[in-house]
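My entries follow the order in which I checked things.

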Amino acid sequence: MTTVTLNGLRTIPAKYVPVLVTAGLFVAMFVAGGIRYEGFASGQVILNVFIDNAFLLVVAVGMTFVILAGGIDLSVGSVVALSTMISASLMKGPGWPPYLVIPLVLLIGAALGLVMGYIIHAFDIQPFIVTLAGMFLARGLCYTIGTDSIPIEDPTFTAFAQTRIDLFAGLWISPSVIIAAVVVLVAAYVLHYTRLGRSVYATGGSEQSALLMGLPVARTKITVYTVSGFCSALGGVLLSFYMLSGYGLHAVGMELDAIAAVVIGGTLLTGGSGFLLGTVLGVLVLGLIQTVISFEGTLSSWWTKIFIGLLLFVFILLQRLFSARRT
Amino acid sequence: MAVPAPILLMSGIGKQFPGVKALDGVDLRLLPGEVHALMGENGAGKSTLIKVLTGVHPIDAGTIELLGEPVAFGSPLEAQGAGISTVYQEVNLCANLSVAENIFVGREPRRWGRIDWPRMRARAAELLARLELDLDVSAPLSTYSPAIQQMVAIARAIDIEARVLILDEPTSSLDASEVEQLFRVMRTLKEEGIAILFVSHFLDQIYEISDRMTILRNGRLVGEYLTSELSQVELVAKMIGQELAALEKLHGEAKVFDRPLLEARGLGRAGAIEPFTLTVHEGEVVGLAGLLGSGRTEVARLLFGADHASTGEVSIEGTPVSLRTPRVAMNHRIAFCSENRKSDGLIPDLTLRENIILALQATRGWTRPVPREQQDELVGKYISALKISPANPEHLVRDLSGGNQQKVLLARWLILEPRLLILDEPTRGIDIGAKTEIQRLVAQLSDGGMAVLFISAELEEVLRLSHKVGVLRDRRLVAQLPNDDDLTTDVLMETIASGGANGGASGGGAE
């Protein structure tokens with residue numbers, strides 16, 4: 001079997017290499033930051049990356065499902081924005097309570113994903129174009145609700161959003177991090193220990209073969225877009241916690257951040273290969289770049305984009321190398 | 001000898017596709033513990049028979065009985081459920097998943113709803129051990145060779161309590177030792193009482209592994225035979241058929257060919273055709289004979305530049321040339337009428353005139369359109385010369401009969417006044433009248449000095465037209481026989497069946 005020898009110590013299966021590379025990159029960035037900046041090498045810095053990117057992590061989990069199955073979902077950023085907008089407007093206008101608003105928003109997101117998945121399957125259309133249409137639709141719907149930012153002032157909602165969960169030694173996290181962690185664990189279980197998860201991998205590997213092997217390809221494809229829609233809506237709710245507002249211009253370009261995180265995490269864009277842990281690491285790397293740049297102080301924030309761009313190039317080339325070696 | 005009750009019995013199977021009778025009154029029985037070969041040329045109905053058996057297509061007539069019970073499957077899944085598993089030519093597995101997963105995906109052993117990975121790996125290893133394979137079942141399938149992947153596909157197929165295993169050309173991409181391994185597995189399964197239906201174009205393999213065979217021709221049953229009682233020559237004769245009435249040889253006395261037009265030396269393409277050496281002279285008709293899949297079309301495609309040669313060289317009138325693309329070949333005035341006139345040649349929604357003028361226009365380039373008067377004149381000339389009917393240049397090609405479509409395709413290339421005309425199965429599927437007209441035309445053209453490479457599955461036709469016959473078998477040019485009085489269809493068949501090993505009548509090998 002294909003293995004890579006690391007310093008001759010032990011061999012590791014080739015499929016884990018991309019994830020390990022990302023993990024190594026994360027550790028290297030953290031160590032370098034710790035040497036260069038005072039106060040960088042603390043646990044809270046990493047926890048802050050989680051706190052600031054919990055919504056992206058949840059969205060990227062949904063994206064991982066879609067990409068593993070060989071698809072792509074461009075609508076996630078718009079669905080996130082739509083979710084913040086619906087949450088804020090329903091709580092502000094008619095004054096609905098959060099425990100009614102949040103399930104409704106999750107349902108809407110999942111339904112949008114379901115419809116897109118159904119169209120992709122039933123009419124055999126490229127996922128790219130269908131979710132592009134979904135992206136415009138959801139973004140446009142935001143502005144039919146309102147063109148301005150809507151603040152969220154519901155007391156329960158804001159109290160939950162501002163809760164600090166104290167860990168040991170003065171470290172703390174927000175409730176959003178716990179929600180994101182639960183999503184990651186459930187998703188990892190589904191992908192590795194259920195038939196649905198293995199069908200996702202098989203469909204991404206070869207849709208034609210999966211069909212001939214008698215797998216429910218249609219159901220799998222529709223399910224992954226539904227999962228992605230649900231995750232986007234949940235990401236939108238977490239972003240509402242973070243921003244305490246709903247706005248049609250929230251999460252512009254987040255679909256691309258999510259795709260970048262998945263790819264940096266070692267998942268092949270062609271589908272069928274990758275791990276959820278890689279996606280978590282991908283989000284952490286993206287978040288840590290932002291942290292480094294804010295510690296640097298003199299660099300403006302668009303340097304984040306430059307670094308993400310460079311990293312993506314490197315990782316795409318790495319993927320190419322690995323897939324070339326396999327064949 | 002007592003014959004056990006068949007596991008599967010198909011009788012009087014008929015299947016009609018729009019315009020074609022694909023199967024007509026075909027019987028097939030599979031006995032337990034036997035390898036049964038399904039023989040016939042391409043288009044004889046083998047794939048259709050497998051597809052109606054596995055539920056891809058419904059049958060129009062006849063009955064299928066499995067263990068004495070009448071069955072009708074709506075999908076391959078249902079057939080699988082009943083114990084009829086199929087392994088296709090292409091490995092239909094997911095190379096990104098592990099070996100164990102490929103065997104079990106979709107029916108993984110589970111415990112409390114979660115996949116029981118240790119048990120899955122153990123069962124996969126057990127199953128593979130039954131096939132005498134020792135693999136790392138947690139390694140991705142992509143790390144193994146196509147042969148091993150084929151075995152894994154078989155392991156997946158037999159795990160579903162298979163009673164009937166259909167192997168549709170499983171050996172076409174395997175090398176000799178891999179084939180040997182597959183055969184060992186097949187013998188093991190046979191001993192377990194599984195009935196195996198085996199399809200292959202390689203006659204040697206059929207004779208090595210099969211016990212019994214059913215031969216189809218043109219969608220009809222030729223018969224069921226014991227492999228040990230049917231010689232290879234008889235088999236080839238039954239597959240090709242000898243229904244065509246013997247016509248006179250079209251060529252009179254033997255001509256002398258001393259002006260080589262095209263010479264191919266060691267020309268070959270890995271995986272398609274082994275290196276061959278062939279010379280075509282001016283005014284000579286060279287026939288290519290061999291079963292379908294023996295490499296006839298591959299030779300033609302190489303000479304036309306439609307495929308890249310991996311070895312060897314070509315020279316035209318003594319000058320070495322590189323036939324990289326069809327355009328280069330056309331510049332050297334080589335024309336190629338492809339085998340599949342519907343998909344590769346004619347454009348059904350254009351008129352007769354537009355189709356005929358196409359190649360001429362292509363050589364001139366789009367900036368210099370052929371003037372309309374010239375078009376009408378040329379098209380009119382060839383319509384009458386080839387007796388194309390209806391003789392209306394503005395008729396849509398789609399509505400023409402097969403024979404007339406073939407003539408349109410011929411006319412397209414003849415306009416270019418080629419020096420070498422390659423005809424791949426020009427007479428297949430057309431009626432006898434059009435057939436003889438096309439044959440007569442080929443004879444006329446060669447008398448006029450044009451060289452013709454003529455490919456046909458019908459040996460009589462090849463014999464009648466050719467001055468020299470090249471025999472292909474298993475992607476190798478095994479013999480080149482001058483067409484003299486000693487050469488008969490029997491000799492040709494003998495050469496095809498024996499692979500030129502016995503030398504044929506007039507000696508084999510390159511000239």
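**Notebook entries**

I began with chain B, where buried residues make up 44% of the 511 residues; a residue is buried if 20 or more other C-beta atoms, placed from the backbone, lie within 10 Å of its own. I noted that this is a predicted model, in which local features need pLDDT of at least 70 and side-chain atom pairs count only at pLDDT 80 or more, while totals for chains, interfaces and linings use all residues. Residues are numbered from 1 along each chain as its sequence is written, and chains are lettered from A and ligands numbered from 1 in the order in which they are written.

I then looked up the elements of chain B and found 17 helices and 22 strands, which are DSSP runs (helices H or I, at least four residues; strands E, at least two) numbered from the N terminus.

Next I turned to the contact between the chains, which takes 21 residues from chain A and 19 residues from chain B; two residues are in contact if their C-beta atoms, placed from the backbone, lie within 7 Å. On the side of chain A that touches chain B, helix 8 of chain A gives the largest share, 5 residues.

Finally I followed helix 8 of chain A to helix 10 (residues 217-243) of chain A, and these pack at an angle of about 100°, with their axes 10 Å apart. Helix 8 of chain A is therefore roughly perpendicular to helix 10 of chain A, a term for angles of 65 to 115 degrees, taken from 0 to 180 degrees between N-to-C directions, with axes as lines fitted to C-alpha atoms over the stretch in contact.

Methods. Parallel < 35°, antiparallel > 145°, perpendicular 65-115°, else oblique. Buried ≥ 20, exposed ≤ 12 C-beta atoms within 10 Å, placed from the backbone.
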